[in-house]
Amino acid sequence: MILFMDDCPDRVKIFMSYHPRAVIMKSSKTMIELLSQVKPIQYLFLDHDLFGDEAYVPGKVDGTGMEVVEWLENNKLEIYQIVVHSRNGHAAPKMLERLLAAGYWAIWCPFYDLLPQFERARTKT
């Protein structure tokens with residue numbers, strides 16, 4: 001199963017064009033609910049800033065991708081790979097650091113930098 005958390009309709013549309021069977025969540029709360037029920041998880045894609053047009057608030061956890069990371073730290077799941085796809089240069093590295101420390105295989109790659117990889121994968125199938 002591929003899970004994708006993002007609140008931007010454009011990114012969701014693009015992602016779904018490459019992964020039409022992915023499950024989309026737009027909030028940290030709904031993603032945590034899903035994670036607590038679903039197994040196995042092949043890929044988990046996490047954005048940080050999930051507040052629409054609101055500005056980034058340093059230290060804010062509730063309602064962000066960091067809330068999912070905190071939940072994952074306390075609930076060890078079998079996930080093949082986690083991709084932090086946030087462009088937030090302050091929060092994304094912290095998310096990655098915590099995921100790695102918790103024993104997950106994780107990378108940080110901003111969403112639009114993933115597109116060439118998605119395209120290569122599409123042309124190989």
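Begin by selecting methionine 5, which stands opposite leucine 46 in strand E3. The model on display is a predicted one. Methionine 5 belongs to strand E1, residues 2-5, and E1 pairs with E3, residues 41-46, in the parallel sense over four bridges.

**The sheet**

Keep leucine 46 selected and turn to strand E4, where its bridge partner is valine 84. E4 covers residues 79-84 and runs parallel to E3, the two being joined by five bridges. Next, select valine 83, which stands opposite isoleucine 107 in E5. Three bridges link E4 to E5, and these strands are also parallel.

Now display all the strands together. They form an open sheet of five strands with parallel pairing, in the order E2-E1-E3-E4-E5. Strand E2 (23-25) and strand E5 (106-108) are at the edges; each has a single partner strand, so one side of each is left without a neighbour in the sheet. On average, neighbouring strands of this sheet are turned by 15° against each other, direction ignored.

**Helices across the sheet**

Select residues 28-35 to bring up helix H2. This helix lies across E1, E2 and E3, and runs at about 165° to E1. Then select residues 65-74, helix H3, which lies across E1, E3 and E4 at about 140° to E3.

The axes of H3 and H4 come within 10 Å and cross at roughly 10°. Because of that crossing angle, H3 is roughly parallel to H4. To view the contact itself, select Gly65, Met66, Val69, Glu70, Leu72 and Glu73 on the H3 side, and Ala91, Lys94, Met95, Arg98 and Leu99 on the H4 side. The residues of this contact divide into six nonpolar, one polar and four charged.

**A buried aspartate**

The next stop is aspartate 47, in the loop between E3 and H3. Is this residue buried or exposed? Aspartate 47 has a relative accessible area of 5%, and therefore counts as buried. Show the residues around it: leaving aside neighbours within four places in sequence, aspartate 47 is in contact with Met5, Asp6, Asp7, Arg11, Gly65, His85, Ser86 and Met95. Two residues in that list have already been visited: Met5 stands opposite leucine 46, and Gly65 is among the H3 residues that meet H4.

**A cis peptide bond**

Move to the loop between H2 and E3, where proline 40 is placed. Select lysine 39 as well: the peptide bond from lysine 39 to proline 40 is cis, with omega near -10°. For context, most peptide bonds are trans.

**The cysteines**

How many disulfides does the structure hold? The count is zero. A disulfide is a covalent bond between the sulfur atoms of two cysteines. Starting from cysteine 8, the closest cysteine sulfur is that of cysteine 109, and at 16 Å it is too far for a bond. Colour both residues by accessibility to complete the view: cysteine 8 counts as buried at 18% relative accessibility, and cysteine 109 counts as buried at 10%.

Notes:
Residues are numbered from 1 along each chain as its sequence is written. This is a predicted model: local features need pLDDT of at least 70, side-chain atom pairs count only at pLDDT 80 or more; totals for chains, interfaces and linings use all residues. Side-chain values use heavy atoms; hydrogens and water are left out. Two strands pair if DSSP finds at least two bridges between them. Axes are lines fitted to C-alpha atoms, for helices over the stretch in contact, and angles run from 0 to 180 degrees between N-to-C directions. Contact means heavy atoms within 4.5 Å. A disulfide is a pair of cysteine sulfur atoms within 2.5 Å. Buried means under 20% relative accessible area, exposed over 50%, partly exposed in between (1.4 Å probe, protein chains only). Angles under 35 degrees count as roughly parallel, over 145 as roughly antiparallel, 65 to 115 as roughly perpendicular and the rest as oblique. Ala, Val, Leu, Ile, Met, Phe, Trp, Tyr, Cys and Pro count as nonpolar, Asp, Glu, Lys and Arg as charged, and the others, Gly among them, as polar.
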